[in-house]
Amino acid sequence: MEYILKIVLLGDAGVGKTSLVYRFIENRFSTDFKSTLGVNLLKRTIEIDGNQVTTQIWDLGGQEAYKKLRKLYLEGASGALVVYDVTSESSFQNLNEWINSFKETRTECPIVLIGNKTDLSQLRKVTQDQAKTYAKEKNILDFIETSAKTGENVEVAFKNLIRKAMLKGS
Ligand code: G3D
Ligand code: MG
């Protein structure tokens, strides 16, 4: 079967959304891309369980605070990667807003919660246990910690979400 899925990245500015997408698409980490305005659209076709899956990845390019953009951004999304930065308490506190607005618009669509920047272990502010407890409260079954810098768990996180979204869409 062939699938076309729209995946959105949500979370505060600076948590590493663009870096994660870049890592997933190009398998690279770049420190010198500049966040552009509006929305970035990227595509990657992968094979999952014998299916050809075209993922269209929507990344908010520096317009996280622009609420008017959000409806268009979320429309038709099959799933979301909701990202916080493990070194930023506030990015963790703000998850509620991102998750609620996704759930409002895309009821029943899968969410994978991502704690990014695990390579900065000395600066960590949010523990795994805190995040696990939070995910449970929010009924989110998938929580994973990543580093866009080292690439740790990035592929796993995307594929997890894509698998769930495929099931939902079929
Ligand atoms: P955003 O798209 O969510 O706004 P970006 O976030 O991908 O633009 O990343 C914001 C900053 O965090 C960037 O640094 C980027 O290099 C850095 N970053 C992203 N992911 C990681 C990670 O896993 N580990 C580390 N150590 N840094 C990360 P600058 O300095 O360009 O602002
Ligand atoms: Mg960005």
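This is a predicted model: local features need pLDDT of at least 70, side-chain atom pairs count only at pLDDT 80 or more; totals for chains, interfaces and linings use all residues.

Q: Good. Are Tyr84 and Phe92 buried or exposed?
A: Tyr84 is buried, and Phe92 is buried too.

Q: How do the rings of Tyr84 and Phe92 pair?
A: Edge-to-face. The centres are 5.1 Å apart, with 65° between the planes.

Q: Which cluster are they part of?
A: Ring pairs link Tyr84 and Phe92 with Tyr134.

Q: How many aromatic pairs in total?
A: Four. One of them is Trp58 with Tyr73: the centres lie 6.2 Å apart and the planes are at 75°, so this pair is edge-to-face. It links distant parts of the chain, with Trp58 in strand β3 and Tyr73 in helix α2, 15 residues apart. Both Trp58 and Tyr73 are buried.

Q: Back to Tyr134. Which residues of α5 are buried?
A: Ala131, Tyr134 and Ala135. They span an arc of only 100° around the axis, which puts them on the same side of α5.

Q: Why would that spacing work?
A: An α-helix has 3.6 residues a turn, so residues three or four places apart point the same way.

Q: And what is exposed on the other side of α5?
A: Asp129, Lys136 and Glu137.

Q: What do the buried residues of α5 pack against?
A: β4, α3, α4, β5 and β6.

Q: What follows α5?
A: Asn139, with a positive phi near 65°. Asn139 also lines the second largest pocket, among the residues nearest its centre.

Q: What is the volume of the second largest pocket, and what lines it?
A: About 180 Å³. The lining has five nonpolar, two polar and six charged residues.

Conventions
Residues are numbered from 1 along each chain as its sequence is written. Chains are lettered from A and ligands numbered from 1 in the order in which they are written. Side-chain values use heavy atoms; hydrogens and water are left out. Buried means under 20% relative accessible area, exposed over 50%, partly exposed in between (1.4 Å probe, protein chains only). Helices (H or I, at least four residues) and strands (E, at least two) are DSSP runs, numbered from the N terminus. The arc is that of the directions from the helix axis to the C-beta atoms. Contact means heavy atoms within 4.5 Å. On a 1 Å grid over the protein atoms alone, a cavity is a set of points where a 1.4 Å probe fits but cannot get out, and a pocket is an open set with protein on both sides within 12 Å along at least five of seven lines; lining residues have an atom within 4 Å of a point. Grid points are joined across faces, edges and corners, and a volume is the space filled by probe spheres set on the points. Ala, Val, Leu, Ile, Met, Phe, Trp, Tyr, Cys and Pro count as nonpolar, Asp, Glu, Lys and Arg as charged, and the others, Gly among them, as polar. Rings of Phe, Tyr and Trp (its six-membered ring) pair if their centres lie within 6.5 Å; planes under 30 degrees apart count as stacked, over 60 as edge-to-face and the rest as tilted.
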